[in-house]
Amino acid sequence: MNHPIEFVALIGRAFLGFLATAGRLVLFALEGTTHIFRPPFYFRLIRRQMVDIGYYSMPVVGMTGLFAGMVLALQSYTGFARFSAEGAVATVVVLSMTRELGPVLAGLMVAGRIGASMAAEIGTMRVTEQIDALTTLSTNPFKYLIAPRLLAGFTMLPFLVLTADIIGIFGGYVVSVYKLDFNAANYLKRSWEFLEFLDVFSGLVKASVFGFLVALMGCYHGFNSKRGAQGVGAATTNAVVSASILILIFNYIITELFFSK
Amino acid sequence: MADAKKTNKGPKIQLRDVHKAFGAKQVLRGVNLDVGEAESVVIIGGSGTGKSVTLKCILGLLQADKGSIKVAGEEVAGLESGPDRDRLNAKFGMLFQHAALFDSLRVWENVAFSLTAGHGMGRDQAREIAMKKMALVGLSSKVGDLYPAELSSGMQKRVGLARAIAPDPEIIFFDEPTTGLDPIMSDVINELIVTCVKEVGCSALSITHDMVSARRIGDRIAMLYQGKIIWAGPVNQIDRSGNEYVDQFINGRAEGPIEMLVRAL
């Protein structure tokens with residue numbers, strides 16, 4: 001008789017735990033965000049984070065975009081050839097890259113590279129008392145550690161996504177023109193003709209949101225890590241997994257907001 | 001109970017009936033302690049007796065559940081992070097158990113951190129002050145450009161000490177200052193602590209279970225056991241405390257009223 005009640009209690013506890021975590025996360029995000037706008041500003045740290053996210057992620061995001069665009073051209077060609085619609089390849093490549101693949105793939109790659117690194121760095125600072133040291137040195141850890149990362153994530157990912165878009169479209173162009181024998185001028189014309197401002201803009205909005213989420217997850221899990229090296233390892237894993245899942249969820253939500261009829 | 005050194009200004013730190021629990025585990029059960037002006041007090045006690053928690057409650061890293069904590073007469077219990085806490089923390093210097101130096105900053109930047117990040121001082125001026133403080137703890141200027149990971153643990157402790165005294169604090173806290181150091185380096189650090197505290201002219205509150213260190217750096221010693229101060233007095237009276245708990249602890253005996261809890265794995 002007790003089993004069904006225990007089962008319901010288990011679900012209830014899990015749900016309450018989820019709500020508590022969500023509440024803590026929102027408060028953490030609010031506190032971090034408000035410190036972006038309140039002095040003092042640590043410009044040196046903001047610049048360092050921007051370089052780390054925006055510049056050093058460029059190769060991995062560029063490679064991802066390039067091969068995504070190339071595969072997209074190849075796959076859509078083989079699919080569309082079945083009903084003689086090969087001419088749509090250029091349009092499919094350009095719309096897919098700007099609306100979906102550019103922001104999502106760049107977001108996931110940055111989650112792996114930057115989210116993990118932020119969680120590991122801040123987590124190590126937590127378990128070695130460096131964050132306590134910041135407080136005793138009259139420096140707010142949110143202002144010094146969290147705000148620069150949130151700001152850098154929010155502002156830098158659109159640039160990365162724009163780069164991924166351009167390189168991805170170029171990858172599709174290379175495969176289409178040099179392997180599939182498309183006419184170069186026609187391909188470029190069709191790419192440009194069907195591309196609208198909203199396609200690029202929605203991708204950049206997604207990028208900003210994803211960048212913020214990646215930084216938030218890295219900072220949150222790192223900041224709350226416990227139990228030494230094991231805790232830092234868990235924080236790193238949680239940061240990447242939660243950022244990746246949130247990217248996919250918010251990708252749907254933003255797409256719905258921009259494009260649902 | 002612990003009485004402050006008689007001064008006109010009253011105790012620099014005053015703890016009254018401070019309680020702190022983590023869930024069902026009651027760590028502090030009514031701590032009373034005074035630290036006088038320019039006085040060095042050492043809290044001794046076994047692992048898990050609440051020494052670090054006491055320190056963290058004063059520093060605002062943890063909030064006490066109950067009781068009063070006054071710093072220079074100002075009530076600070078319940079003071080959350082913000083400008084008031086930052087203003088208060090500007091009076092403090094802290095040497096952490098494992099130094100807690102910032103890995104990403106050079107040694108001199110660590111020492112000057114409170115000046116650059118906390119007080120907005122220019123880097124050139126802050127570097128100059130950092131070099132002077134480093135000289136005070138026996139570190140050459142060459143060390144200033146290294147990163148903490150390139151230093152031995154003894155050197156890191158020295159850097160941590162230089163960082164603690166850099167803003168000329170009114171109170172310095174030392175958390176297990178000699179843990180993990182060999183006896184000679186421990187003595188060097190103890191000597192530096194005594195010198196620096198005198199040089200800066202501040203009050204000091206240390207926690208340790210190293211009796212050699214406690215005798216060396218303290219004017220008074222207080223023993224914490226099961227979340228309460230069970231004895232406090234001048235260093236030269238600790239051997240005649242008449243308290244069997246203190247006797248067992250300072251002589252490092254396994255037999256006695258203090259039972260070590262050993263938990264089966």
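How many of the six residues of strand β8 (residues 203-208) of chain B are buried? Six of the six are buried, so β8(B) is largely enclosed by the rest of the structure. Buried means under 20% relative accessible area, exposed over 50% and partly exposed in between, with a 1.4 Å probe and protein chains only. The model is predicted: local features need pLDDT of at least 70, side-chain atom pairs count only at pLDDT 80 or more, and totals for chains, interfaces and linings use all residues. Residues are numbered from 1 along each chain as its sequence is written, chains are lettered from A and ligands numbered from 1 in the order in which they are written, and side-chain values use heavy atoms, leaving out hydrogens and water.

Ser203(B), Leu205(B) and Ile207(B) point one way from β8(B). Ala204(B), Ser206(B) and Thr208(B) point the other way. In a regular strand the side chains alternate between the two faces of the sheet. Strands are DSSP runs (E, at least two residues), as are helices (H or I, at least four), numbered from the N terminus.

β8(B) pairs in the parallel sense with β3(B) over five bridges. Two strands pair if DSSP finds at least two bridges between them. Val41(B) stands opposite Leu205(B) in β8(B). β7(B) also pairs with β8(B) in the parallel sense, over five bridges. Here Leu205(B) is the bridge partner of Phe173(B). Strand β3 (residues 40-44) of chain B pairs in the parallel sense with strand β9 (residues 220-225) of chain B over four bridges. In that pair, Ile43(B) stands opposite Ala222(B).

The open sheet of chain B has six strands in the order β6-β7-β8-β3-β9-β10, with mixed pairing. β6 (92-95) and β10 (228-234) of chain B stand at the edges, each with a single partner strand, so one side of each is left without a neighbour in the sheet.

In chain A, helix α6 (residues 141-179) and helix α8 (residues 197-223) pack at an angle of about 150°, with their axes 7 Å apart. That makes α6(A) roughly antiparallel to α8(A). Angles under 35 degrees count as roughly parallel, over 145 as roughly antiparallel, 65 to 115 as roughly perpendicular and the rest as oblique. Axes are lines fitted to C-alpha atoms, for helices over the stretch in contact, and angles run from 0 to 180 degrees between N-to-C directions.

Ile46(A) is found in helix α2 (residues 43-55) of chain A. Ile46(A) is buried, with a relative accessible area of 15%. Leaving aside neighbours within four places in sequence, Ile46(A) is in contact (heavy atoms within 4.5 Å) with Pro148(A) and Leu151(A).
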